[in-house]
Amino acid sequence: MIGPDLPALIPFIYLAFAVLIPLAGLWKRELSYGLAVLGTGLASAFSLAGFINYLSGGETIRYLFGGWQPPIGIEFVYDGLAAFVILVINTVAFLVLIHSRHIATAEFPHKKIAYYSVTMLLMLGFNGMVLTGDLFNLYVFLEISSLSSYALIAIGEKRAAYSAFRYLIIGTVGGSLYLLGVGFLYTVTGTLNIIDMHEMLPQVLGNSAVITALVLMVIGIGIKAALFPLHGWLPDSYTFASSSSSALIAPIGTKVAAYVLLRVLLFLFGAEIINADLPITEIIGVLAGIGILFGSVMAIAQSELKKMLAYSSVSQIGYIIMGISLANPFGFIGAVLHILNHALMKACLFLVAGNLRLKEGHSNILEFDDSYRKKYPWTMAAFTTAALSMVGLPPLAGFFSKWYLALGTIDNSNWFLLAIILISSLLNAVYFFRIIEKIYLKNPAKENESTGTDIPRDEVKPSMLYPMAIMALALIAVGILNVYIVSAITTMFPAGF
Amino acid sequence: MLDFFMGHYAYWFTIIILAIGLYGMLMKRNLVKKVIGLSIFQAGVILFFVSIASKHGASVPVKDAALPVSDVANYMNALPHTLMLTAIVVGVATLGVAFALLVAIYNRYHTLDEQELLEKIQ
């Protein structure tokens, strides 16, 4: 079943559905939702099959476009790490798109066809970024995904268009800086293929163009990944976008950018070359650490659930980048595991925010009370699971990525970052427990009536409930089964680990 | 010193264009001018790629019987140019999305001045 064409097939499914949805939409508008779910479902089925094939001893699949051998031709490299990230992003997108049905009808009933068509393009860009083995091709996919995400973010509240515009300006500068970095690398190596360039870089070590390229690429990708202090576009974009857009972009977008950073730093350059002239990994590590604390503190200050989650994203992306910057096996495991965990946790939390916005019309934390628990018991249970996982309570998934990151910092004797992991867990507890306290304990009616009013159960529709519940259960499952996942991740190490 | 400046003049132009683009994006209050700055910034990157492809005394990358292909110094490098064709297309798409967003912003707030816009949003 798993042929050599699998790497090209997954992005092709998205491309085909991006065209198919507007065509089918001409006939029946309601088809767009079903087709989008079908498209992501097919892609996740193929990526699951590909990952199982990899686990059962399958080798790296290198798909050559047009049969041209690299470095002349462009190739897609479907190795273990790519297979893992592809599986994560497609599955999360599948669940989020199932959930989007009622939100789409409520928030933008006349833009459904365009919305679902653009989500397919967004996923095409993300899958291409993960799979490609060519630096310029990566830039093209980066821009495909960025342009689609500007469009998706602009669908939403009144302020969404302006925050999308700011993201466009900042994001395009990031893309251009990355491209400039690729140009510098091309001048000294004469190739654009990542594997080929990795073999050539030691020969041009010490060339100032390599250092310039590295700095430019880190800044460019850092903007896309919202690495502190380049995160300015993120909170507004995620807050004012439609609930289903932010639930789709928040868990996937910054993770894919962090994955690209990981590819560039550890697979393209390799841990020794990055630090040859400048202590790049230490600088990135310190920035990630500051970002973790900054994001957590800002999240505490927010009274709007979606904005709080957006700042918490800034903090959580810091964990992934910190793991990359440690450049040791434990840091690598922590970073890759956190890509999975954070995608699940953030998607689950944003889906809860979407449910509340649809049912209550707002997601203002100050107005939460225990009637929410009575009305939406399962939504709140999913929220609590994801929040506890965010804080890092064992045996939930979030604990284990922090655990491996902490092991990584100890391995490098980097006590500063270890302290940051511990402090930020406490800060996470502060901003999640205040919500949990409100939804389970705060009873505004208590002073007036001794018995308390009976609030009827008013749970959300199944298409919104199950994706969220599956993610919450997945968090528990990932936590319990993390031995197997970690042993799979240990086969994905870059050369030199 | 003069040789250093004259010998790298294409790079100096790239730096100047990138700086003009950044200035436009950071200092101009009108959002359309910010988009123009963005476009200039991208043009700087394109100029950089085109300039690294050029060689002294080389011909266009079309096979000529008089110039042996084995000597690569005979031909310009065609790859950066083709890459930039794609980058220009990406730039055009970015401009399209940017102006679509500006139309949406103008329809809601009836201004494209950043200061006025921020006051209206608050």
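Reply: In this predicted model, the buried residues of helix 3 of chain B include B:Leu31, B:Lys34, B:Val35, B:Gly37, B:Leu38 and B:Phe41. Further along helix 3 of chain B, B:Gln42, B:Gly44, B:Val45, B:Ile46, B:Phe48 and B:Phe49 are buried as well. The cover over these buried residues includes helix 2 (9–27), helix 4 (79–109) and helix 5 (114–121) of chain B, together with helix 6 (160–189) of chain A. As to its length, helix 3 of chain B runs over residues 31–53, and its 23 residues should span 33 Å at 1.5 Å a residue; the end C-alpha atoms are 34 Å apart, which agrees.

The contact between the chains takes 25 residues from chain B and 22 residues from chain A. On the side of chain B that touches chain A, helix 3, helix 4 and helix 5 of chain B each supply at least two residues. Helix 4 of chain B gives the largest share of that side, 13 residues. By class, the side of chain B that touches chain A has 20 nonpolar, three polar and two charged residues.

Within chain A, helix 1 (residues 6–27) and helix 2 (residues 31–55) pack with their axes 9 Å apart, at an angle of about 170 degrees. An angle over 145 degrees counts as roughly antiparallel, and helix 1 and helix 2 of chain A are therefore roughly antiparallel to each other. Among the residues that meet here are A:Leu9, A:Ile13, A:Phe17 and A:Trp27 in helix 1 of chain A, and A:Leu35, A:Gly39, A:Leu42 and A:Phe46 in helix 2 of chain A. This contact of helix 1 with helix 2 of chain A has 16 nonpolar, five polar and no charged residues.

Helix 3 (residues 80–107) and helix 4 (residues 112–131) of chain A have axes that come within 10 Å and cross at roughly 170 degrees. Helix 3 and helix 4 of chain A are therefore roughly antiparallel to each other. Their contact includes A:Val85, A:Ile89 and A:Leu97 of helix 3 of chain A, and A:Tyr115, A:Met123 and A:Phe126 of helix 4 of chain A. By class, twelve nonpolar, two polar and one charged residues make up the contact of helix 3 with helix 4 of chain A.

Elsewhere in chain A, A:Leu344 is found in helix 14 (residues 329–360). A:Leu344 is buried, with 27 other C-beta atoms within 10 Å. Leaving aside neighbours within four places in sequence, the contacts of A:Leu344 are A:Val92, A:Ala397, A:Met471, A:Ala474, A:Leu475 and A:Val478.

Terms used
Residues are numbered from 1 along each chain as its sequence is written. Chains are lettered from A and ligands numbered from 1 in the order in which they are written. This is a predicted model: local features need pLDDT of at least 70, side-chain atom pairs count only at pLDDT 80 or more; totals for chains, interfaces and linings use all residues. Axes are lines fitted to C-alpha atoms, for helices over the stretch in contact, and angles run from 0 to 180 degrees between N-to-C directions. Helices (H or I, at least four residues) and strands (E, at least two) are DSSP runs, numbered from the N terminus. Angles under 35 degrees count as roughly parallel, over 145 as roughly antiparallel, 65 to 115 as roughly perpendicular and the rest as oblique. Two residues are in contact if their C-beta atoms, placed from the backbone, lie within 7 Å. Ala, Val, Leu, Ile, Met, Phe, Trp, Tyr, Cys and Pro count as nonpolar, Asp, Glu, Lys and Arg as charged, and the others, Gly among them, as polar. The expected span of a helix is 1.5 Å times one less than its number of residues. A residue is buried if 20 or more other C-beta atoms lie within 10 Å of its own, exposed if 12 or fewer, and partly exposed in between; C-beta atoms are placed from the backbone.
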